[in-house]
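This report covers the fold, the nonpolar cores, the salt bridges and a few backbone angles of one structure. The sequence and coordinates come first.

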Amino acid sequence: MLFVGADSYLLDCGLIKLLYVACGLNISLLVALMLEPSKKPLNVLTKQLNTQLSVTLKNGVEYRGRMIRCDGYMNILLEGASEHVKDQLTANYGSILVRGNNILYITIKGSY
Amino acid sequence: MSEMTTQILEESLGKTVLVRLRGGKSLRGKLKGFDQHLNLVLEETEDTTNADNVKKLGVIIVRGDNVILISPPPR
């Protein structure tokens, strides 16, 4: 309180002080956001756009391809996709849209 | 998600957790992130469903609706 009082006395203007405080808050928020990239699953997924990944569905079927779009439902658009059942290639597609609710997990290629 | 759940998962961040999934699959991996749906980001993940044939999966994103249980590391 003493510090704030002295500060406003120096600036001698309430509006400037308000601006100063608001800017300081925004900058610290920005710095915090830059220092800590989000580890939330959907953010991690979005970072993998345009990379190869493999999507394993609840029914055991696996799709490998390049993810060109994804959304908050985890719907995924794969380009140049191949379908695998028990590691055996069963089909190739130009592009496929996988509805998010069918997904068991998504493996990020190049991570192992 | 309840505060209790968030707290337990936050304490497990960066540590190895066991995850049992619907359909009988089991995973072991380092918890890197989670959200309100219990979607998970796991690193250095292994599929431990079959104890004598462990499959390496690397970094994976597990969809939350499959999660039956998450076992945090012992403290």
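Met74(A) counts as buried, at 1% relative accessibility; buried means under 20% relative accessible area, exposed over 50% and partly exposed in between, with a 1.4 Å probe and protein chains only. The model is predicted, so local features need pLDDT of at least 70 and side-chain atom pairs count only at pLDDT 80 or more, while totals for chains, interfaces and linings use all residues. Residues are numbered from 1 along each chain as its sequence is written, chains are lettered from A and ligands numbered from 1 in the order in which they are written, and side-chain values use heavy atoms, with hydrogens and water left out.

**Backbone angles**

Met74(A) lies in the loop between strand 2 and strand 3 of chain A. Its phi is positive, about 75°, although Met74(A) is not a glycine. Lys86(A), another residue other than glycine, also has a positive phi, near 50°. Lys86(A) sits in the loop between strand 3 and strand 4 of chain A and is exposed, at 77% relative accessibility. For context, most residues other than glycine have a negative phi.

**Chain A as a whole**

Chain A has three helices and five strands. Helices (H or I, at least four residues) and strands (E, at least two) are DSSP runs, numbered from the N terminus. Read from that end, the elements of chain A follow the order α-α-α-β-β-β-β-β. Chain A has 112 residues, of which 29% count as buried. Contact means heavy atoms within 4.5 Å. Among contacts in chain A between residues at least 6 apart in sequence, 35% join residues at least 24 apart. The accessible surface of chain A is about 7,600 Å², and 62% of that belongs to carbon and sulfur atoms. Such areas come from the Shrake-Rupley method with a 1.4 Å probe; for residues, only the protein chains shown count as cover.

**Nonpolar cores**

A nonpolar core is a set of buried Ala, Val, Leu, Ile, Met, Phe, Trp, Tyr and Cys residues joined through side-chain atoms within 4.5 Å. The largest one has 20 residues, and those with the most contacts inside it are Leu45(A), Val55(A), Ile76(A), Leu78(A), Ile103(A) and Ile106(A). Two or more residues each come from helix 3 (41-46), strand 1 (52-57), strand 2 (62-70), strand 3 (76-85), strand 4 (88-98) and strand 5 (103-108) of chain A, and from strand 4 (55-62) of chain B. A second, separate core has 15 residues, including Leu21(B), Phe34(B), Leu42(B) and Val62(B).

Which residues does Leu45(A) contact, leaving aside neighbours within four places in sequence? They are Leu53(A), Met67(A), Cys70(A), Met74(A), Ile76(A), Ile106(A) and Ile61(B).

Ile61(B) is in strand 4 of chain B and is buried, with a relative accessible area of 0%. Not counting residues up to four places away in sequence, Ile61(B) touches Pro41(A), Val44(A), Leu45(A), Met74(A), Leu104(A), Tyr105(A), Ile106(A), Ile108(A) and Leu40(B). Ile61(B) and Ser2(B) are 59 residues apart in sequence, with their C-alpha atoms 21 Å apart in space.

**Salt bridges**

Side chains of opposite charge can pair when their charged atoms come close. A salt bridge here is a side-chain nitrogen of Lys or Arg within 4 Å of a carboxyl oxygen of Asp or Glu. By this rule there are eight salt bridges over all chains.

| Pair | N to O distance |
|---|---|
| Glu62(A) and Arg64(A) | 2.8 Å |
| Asp87(A) and Arg64(A) | 3.2 Å |
| Arg66(A) and Glu79(A) | 2.8 Å |

Asp87(A), in the loop between strand 3 and strand 4 of chain A, is 23 residues from Arg64(A) in strand 2, and their pair links distant parts of the chain. Asp87(A) is exposed, with a relative accessible area of 55%. Arg64(A) is partly exposed at 24%, whereas Glu62(A) is buried at 14%.

The pair of Arg66(A) in strand 2 and Glu79(A) in strand 3 of chain A also links distant parts of the chain, 13 residues apart. Arg66(A) is partly exposed, with 29% relative accessibility, and Glu79(A) is partly exposed, with 34%.
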